[in-house]
Amino acid sequence: MSTSIATTSYEPFTEETAIAYIEKLNQKLGLFPAPSLLICKEIGDGNLNYVFHLSDSLSGQSLIIKQALPYAKVVGESWPLTLRRAKIEAEALQKAAETVPSLVPNVIHTDDDLAITVMEDLSDYTILRKGLIDGETYPNLGRHIGTYLAKTIFHSSPFGENQQEIKEISVRFTNPELCKITEDLVFTDPFFDHDTNDFEDHLKDTVNELWKNEELKLEAAKLKYIFLTKSEALIHGDLHTGSVFVTAEETKVIDPEFAFYGPAGFDLGLFIANILLNTISKTAIDEQQHSDLYQTIIETVEVFKEEYKKLWQNHHVEAFIQTEGYVDYMLGTIFEDAVGFAGCELIRRIIGLAHVADIDNISDCQKRLYAQQNALQLGSTFIIKRRNIRTIDQLIQETKDVLK
Ligand code: SR1
Ligand code: MG
């Protein structure tokens, strides 16, 4: 719920001011039983925001405050960033809760002036990237993410939502500054000799070859154009494995601050790429194929398609919905775009500004180089061959061919 308590203008919280804020909010909302004794710790390890963990040492209850900073934390104050992203994130979580309530954290309170969202504490969960690096397995993950993608995408698209209302909703989710980050860091800079790039010296020759590959650049340009122009559905916008919390049984998708009306295949592509980055790292470390992660990818795509088709059959917002071949056409273009986006994500995580621990933490230099080269090769393959990669089995086969 969005509740306003008397606040002044924006200032970044400290652990002390976060406690003071919640004590005041507690008087209004009764968040913790009286008496309470709050303790707070800043635990954010992401690129952009503060995350405060607040717990009541008397009742043991806890919550999270996420606060946007007016700049990108990963770079510093030289990279200013809109605070409005906090509102977009909270509203995207609330929108997702309408269709997949069990797959997102519960939003308790928002404050636009302070750019904060108070939400359910997921401290019992692990960030998926960390869990995968530690070798954990998540049997429900593919089903959960496939369901999340089908429901959030379908219900915000012109097939599942009133077509006039979409035009109003998409204005609320106009997110130019965060989209620009993706346009630059995912779709542009890694394909040029740009100063935001960050890659190891041992990759210089490989990267130079990639920059000279005109076929690859033309296809990357087309994918960037799709990202810039295709407003199909309300997407998460940054669905990598750091944006997913997991336990052995449960899954929660977090951090939709990049949400906007964009291409329906983008979230699927990013998720597949980040699972593959983990597979690539494991293959480099112990030279084995990791079929359980392939299974997660297969299940994600299969459940996504099944759920999307079910929703399609039961909704009648669009006159052409029963037309033979239409749903398969839509799913085909979503998958083709997803494969291309996955390729861009694989490449940017090696050449670009924002890396992933799955690869960077490989301590053996030769193995790390092998993983980095595999990611670049697989990314290029996905981008160039995406129109011929029509099924998830073909995508897995392409991956195995590169990693063998
Ligand atoms: C400056 S932000 C760098 C990256 O972190 C976010 O999670 C997005 O993936 C962005 O590209
Ligand atoms: Mg994030």
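This note walks through a predicted model, its ligand and its annotated sites.

1. Ground rules. Residues are numbered from 1 along each chain as its sequence is written, and chains are lettered from A and ligands numbered from 1 in the order in which they are written.

2. An unreviewed UniProt entry places "domain: Aminoglycoside phosphotransferase" at residues 40-274. UniProt positions follow the numbering used here, feature names are shortened, and annotations may be inferred rather than shown by experiment. Over that stretch the chain is 39% helix and 21% strand. Its end C-alpha atoms are 32 Å apart. Helices (H or I, at least four residues) and strands (E, at least two) are DSSP runs, numbered from the N terminus.

3. Ligand 1, position. Ligand 1 sits in the largest pocket. A pocket, on a 1 Å grid over the protein atoms alone, is an open set of points where a 1.4 Å probe fits, with protein on both sides within 12 Å along at least five of seven lines. Sitting there means that more than half of the molecule's atoms lie within 2 Å of the grid points. Helix H6 (176-185) and helix H11 (326-351) are the elements that give two or more residues to the shell around ligand 1.

4. Ligand 1, shell. The shell (a heavy atom within 4 Å) includes Trp-79, Ile-181, Phe-258 and Arg-349. By class it has seven nonpolar, two polar and three charged residues. Here Ala, Val, Leu, Ile, Met, Phe, Trp, Tyr, Cys and Pro count as nonpolar, Asp, Glu, Lys and Arg as charged, and the others, Gly among them, as polar.

5. Ligand 1, polar contacts (N or O pairs within 3.5 Å). A polar side-chain atom of Asp-238 lies 2.6 Å from a ligand oxygen. For Arg-348 the distance from a side-chain N or O atom to a ligand oxygen is 2.9 Å. For His-240 it is 3.4 Å.

6. The unreviewed UniProt entry's "binding site" covers eight positions: Asn-49, Lys-66, Glu-120, Asp-121, Leu-122, Asp-255, Pro-256 and Glu-257. Pro-256 is in the loop between strand E11 (251-253) and strand E12 (260-262).

7. A cis peptide bond joins Ala-34 and Pro-35, with omega about -5 degrees. Pro-35 lies in the loop between helix H1 (15-29) and strand E1 (38-42). Ala-115 is not a glycine, yet has a positive phi of about 55 degrees.

Definitions and conventions. Predicted model: local features only at pLDDT ≥ 70, side-chain atom pairs only at ≥ 80, totals over all residues. Heavy atoms only, no water. Polar contact = N/O pair within 3.5 Å; in protein donor to acceptor, adjacent residues only side chain to side chain. 1 Å grid on protein atoms, 1.4 Å probe; cavity = no way out; pocket = protein on both sides within 12 Å on 5 of 7 lines; lining within 4 Å.
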